[in-house]
Amino acid sequence: MSKTLQTIYGTLDDKQLKELKGAVDEAMNVMYEIDQKKRFLKEIIDLASESTKVPKKIISKIATVQHKQNLQEEVTAFKEFEALVETLTEIK
C-alpha cells in the first residue's frame, strides 16, 4: 500500500517519505556521534586542566584557535575589544 502525505510543503509520495525517513535517521546518527565526541572532548579538556592547572576555558580556546588556524584574527579581535573597554572606562 502506497502512502502519501499532504503538507504545507507539498504532497510527499511513498518514495519521498522513505527518503525523508532515511535522511532523518542518518541525521540522528550523526547527532549521536557529535554528542559522543563532545563528551570525549570535555573529558580531554577536564583531564588536561586537572593535571596542568591551566583553566579549561584557556585549553578549549587554544584548541579552537589551533584547529581553525586563526590566531591572528583572534589577536586582532582582542585588541579591538581591549581598545573599546579602555575607551569606555575613560568616559565619565
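Predicted model: local features only at pLDDT ≥ 70, side-chain atom pairs only at ≥ 80, totals over all residues.

Visitor: How do you know whether the protein chain is a compact globule or more spread out?

Guide: Let me begin with the elements: there are three helices and two strands, and along the sequence they follow the pattern β-β-α-α-α. The radius of gyration is 24 Å, while the globule rule gives 12 Å for 92 residues; the value is well over the rule, so the protein chain is more spread out than a compact globule. The C-alpha trace spans about 70 × 40 × 25 Å along its principal axes. As an example of a distance within the chain, Ala 23 and Leu 88 are 65 residues apart in sequence and 50 Å apart in space, C-alpha to C-alpha.

Visitor: Why is Ala 23 called partly exposed?

Guide: Ala 23, which sits in helix α1, has a relative accessible area of 45%.

Visitor: Why is the contact between Lys 21 and Asp 25 called a salt bridge?

Guide: The cut-off is 4 Å between a side-chain nitrogen of Lys or Arg and a carboxyl oxygen of Asp or Glu. The closest N and O atoms of Lys 21 and Asp 25 are 2.9 Å apart, so the pair qualifies. Both residues lie in helix α1, four residues apart, which is about one turn of the helix. Lys 21 is exposed at 51% relative accessible area, whereas Asp 25 counts as partly exposed at 31%.

Visitor: What makes Asp 14 and Lys 18 a salt bridge?

Guide: Their N to O distance is 3.4 Å, which is within 4 Å, so the side chains of Asp 14 and Lys 18 meet the criterion. Here again the two partners are four residues apart in helix α1, about one turn of the helix. Lys 18 has a relative accessible area of 56%; exposed means over 50%, so Lys 18 is exposed.

Visitor: Why is Asp 46 called buried?

Guide: Buried means under 20% relative accessible area, and Asp 46 has 16%, so the label applies. The side chain of Asp 46 meets that of Lys 42 in a salt bridge, 2.8 Å from N to O. Salt bridges with shared partners join Lys 42, Asp 46 and Lys 56 into one network. In total, the structure holds five salt bridges.

Visitor: What are the counts of positive and negative charges, and how far apart are their mean positions?

Guide: The protein chain has 15 positive and 16 negative charges, and their mean positions are 4 Å apart.

Visitor: What makes Leu 20, Val 24 and Met 28 a nonpolar surface patch?

Guide: Patch members need over 30% relative accessible area and no salt bridge, and nonpolar side chains such as Val, Leu and Met are joined within 5 Å. Leu 20, Val 24 and Met 28 make a patch of about 270 Å² on that basis. Met 28 has its place in helix α1, which runs over residues 14-52.

Technical notes:
Residues numbered from 1 in each chain as written. Heavy atoms only, no water. Patch = residues over 30% accessible without salt bridge, like charges linked within 9 Å, V, L, I, M, F, W, Y side chains within 5 Å. Areas by Shrake-Rupley, 256 points an atom, 1.4 Å probe, with all protein chains shown as cover. Rg over C-alpha atoms; globule rule 2.2 N^0.38 Å. Lys, Arg positive; Asp, Glu negative; His and termini not counted. Charge placed at Lys NZ, Arg CZ, Asp CG, Glu CD. Buried < 20%, exposed > 50% of the residue type's maximum accessible area, 1.4 Å probe, protein only.
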